[in-house]
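Please read the points below with the model open beside them.

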Amino acid sequence: MTSRSSTMLKPFYSTPHPLAGEMVPLTLFDLATYDIFVPIMLVYPAPTPSNEELKEGLRRAVALYPHLAGRFAVDHRGRRCIHVNNEGLLVVEATVAVDLSTTSYPDRPLQEEHDAGVALLQIKLNRYKCGGLAIGLATHHFVADGHSMSTFLTTWASAVQQGRDFTPPSPFLDRGITAVPRSVHTPAVVFDRQDPSAPLSLSLSPSRFNNITVRFTAEFLAKLKARVGVRSSTFQCLLAQLWKRTTAARCLKPEEFTQVRVAVNCRGRADPPMPLEFFGNMVLGAFPRLQVQDVLSWSYGQVVGAIRDAVARIDGDYVRSFLDFGAAHGEELTGKGGTMCCPNLEADSWLGFRFHDLDFSGGPPATFQPPDLPVEGLMVFMPSSVARGGVDVYMSVAEDHVTAFQEICIPWID
């Protein structure tokens with residue numbers, strides 16, 4: 001037996017926000033990402049704060065990020081915008097008359113709301129008989145990237161913990177600053193729509209792939225880094241491992257090319273750099289590209305080098321070139337985040353996001369679940385909530401490749 005109610009929760013303002021009523025055009029970075037809602041879920045055992053405490057914290061947190069309480073609209077020039085109209089966020093409250101087992105988590109509780117409402121931020125609070133709580137959250141990707149949403153969720157948790165003593169952060173909300181192309185054009189155009197790194201359409205085919213999780217322990221990661229033998233990040237090492245294993249499982253022809261779209265946070269790479277507190281989207285893709293025979297035969301260090309070199313090319317000139325391209329061909333970017341289907345991959349690192357540490361006053365979550373991955377070849381890297389110091393990689397694998405992948409891609413060092 002489940003009971004539920006819903007409300008449109010509006011942020012708390014002592015004085016009107018400076019952006020109140022503004023029509024904020026979507027930036028090129030917004031338009032270059034996916035036109036989808038991104039759902040996540042956090043599961044907390046008892047004790048947990050009350051729904052009223054959670055909602056009061058939400059009102060204070062969303063007030064700092066007013067785009068989340070707005071709506072999509074079109075301005076007088078025909079541009080897609082976020083209307084900062086304070087219409088609010090959708091909050092659904094449900095009471096479930098069963099205990100929340102630590103081994104049997106509920107389905108992500110927001111799927112039925114994705115297409116029903118116009119709220120850009122939607123939250124569901126599932127309250128269980130034992131006092132456990134599942135928080136489902138969905139945000140439209142045009143509003144914010146993972147870095148921004150991680151910051152917002154940290155703010156929400158702080159607002160709940162501190163109550164009326166909440167000390168608000170100071171987010172950077174000037175989205176328009178990311179939309180200005182260079183004033184003096186240079187002849188080298190790095191971002192090219194004909195380049196394989198240029199965004200391509202997202203094709204959804206949920207019946208042809210499975211979502212699986214691969215867990216890497218801290219011990220395995222230490223051995224892998226030793227095998228790589230060059231200075232590199234945990235993410236780069238694991239991506240090299242999975243690129244090799246997935247390519248082998250796919251049984252591709254040696255002369256074929258395979259590439260990985262690596263999501264790169266451009267805040268610190270732009271020239272001048274953007275504040276890390278910038279709220280919105282500011283991610284572009286790096287595209288290491290190799291022949292299959294090289295992915296399989298090269299050493300781990302060489303593959304990591306190819307990944308690192310591709311990421312290093314996302315610099316200030318590249319960001320400016322992207323803005324120049326978008327100023328002339330912006331319509332070609334809309335809702336096209338990248339390409340990752342076989343023989344390619346996409347890798348998103350959430351290792352720097354603190355989802356697994358979010359504490360609303362009762363301790364960190366027992367588990368954090370990322371979104372169902374909507375297309376084959378997509379990978380999300382996250383700190384493991386089970387293996388201390390380890391990494392969980394959520395992957396979408398084609399049905400035809402699942403058996404081979406499970407045989408080949410079990411973590412090991414050969």
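**Notes on the predicted model**

1. Of the 414 residues in the protein, 53% are buried (buried is under 20% relative accessible area, exposed over 50%, partly exposed in between, with a 1.4 Å probe and protein chains only). The model is predicted, so local features need pLDDT of at least 70 and side-chain atom pairs count only at pLDDT 80 or more, while totals for chains, interfaces and linings use all residues. Residues are numbered from 1 along each chain as its sequence is written, and side-chain values use heavy atoms, with hydrogens and water left out.

2. The secondary structure comprises 9 helices and 16 strands; these are DSSP runs numbered from the N terminus, helices being H or I of at least four residues and strands E of at least two. Of the contacts between residues at least 6 apart in sequence, 79% join residues at least 24 apart (contact means heavy atoms within 4.5 Å).

3. Helix H7 covers residues 300–312, 13 residues in total, and spans 18 Å from first C-alpha to last, close to the expected 18 Å; the expected span is 1.5 Å times one less than the number of residues. Its buried residues include Tyr 300, Val 303, Val 304, Ile 307 and Val 311. The buried residues of H7 pack against helices H4 (218–228), H5 (234–250) and H6 (292–297), and against strands S10 (257–265), S11 (283–286) and S12 (289–291).

4. Arg 175 sits in the loop between helix H3 (146–162) and strand S9 (209–216). Is Arg 175 buried or exposed? Arg 175 counts as buried because its relative accessible area is 2%. Its side chain makes a polar contact of 3.2 Å with that of Asp 30 (a polar contact is a pair of N or O atoms within 3.5 Å; within protein, one must be able to donate a hydrogen and the other to accept it, and residues adjacent in sequence count only if both atoms are side-chain atoms). Leaving aside residues up to four places away in sequence, Arg 175 also touches others, including His 67, Phe 142, Phe 278 and Phe 279.

5. Strand S7 (residues 121–128) contains Tyr 128 and Gln 122. Gln 122 is buried at 0% relative accessible area, and a polar atom of its side chain lies 3.1 Å from the backbone oxygen of Ala 119. Tyr 128 is buried at 8%, and its side chain has a polar contact of 3.4 Å with the side chain of Asn 126. The C-alpha atoms of Tyr 128 and Val 96 are 4.9 Å apart, although 32 residues separate them along the chain.

6. Most residues other than glycine have a negative phi, and most peptide bonds are trans. The bond from Ala 46 to Pro 47 is cis, with omega near 0°, and so is the bond joining Asp 271 and Pro 272, with omega about 0°. Asn 86 has a positive phi of about 60° and is partly exposed at 28%. Cys 251 has a positive phi of about 55°; Cys 251 lies in the loop between H5 and S10 and is exposed at 67%.

7. The lining of the largest cavity includes Tyr 44, Pro 47, Leu 133, Asp 359 and Phe 360.

Key. On a 1 Å grid over the protein atoms alone, a cavity is a set of points where a 1.4 Å probe fits but cannot get out, and a pocket is an open set with protein on both sides within 12 Å along at least five of seven lines; lining residues have an atom within 4 Å of a point.
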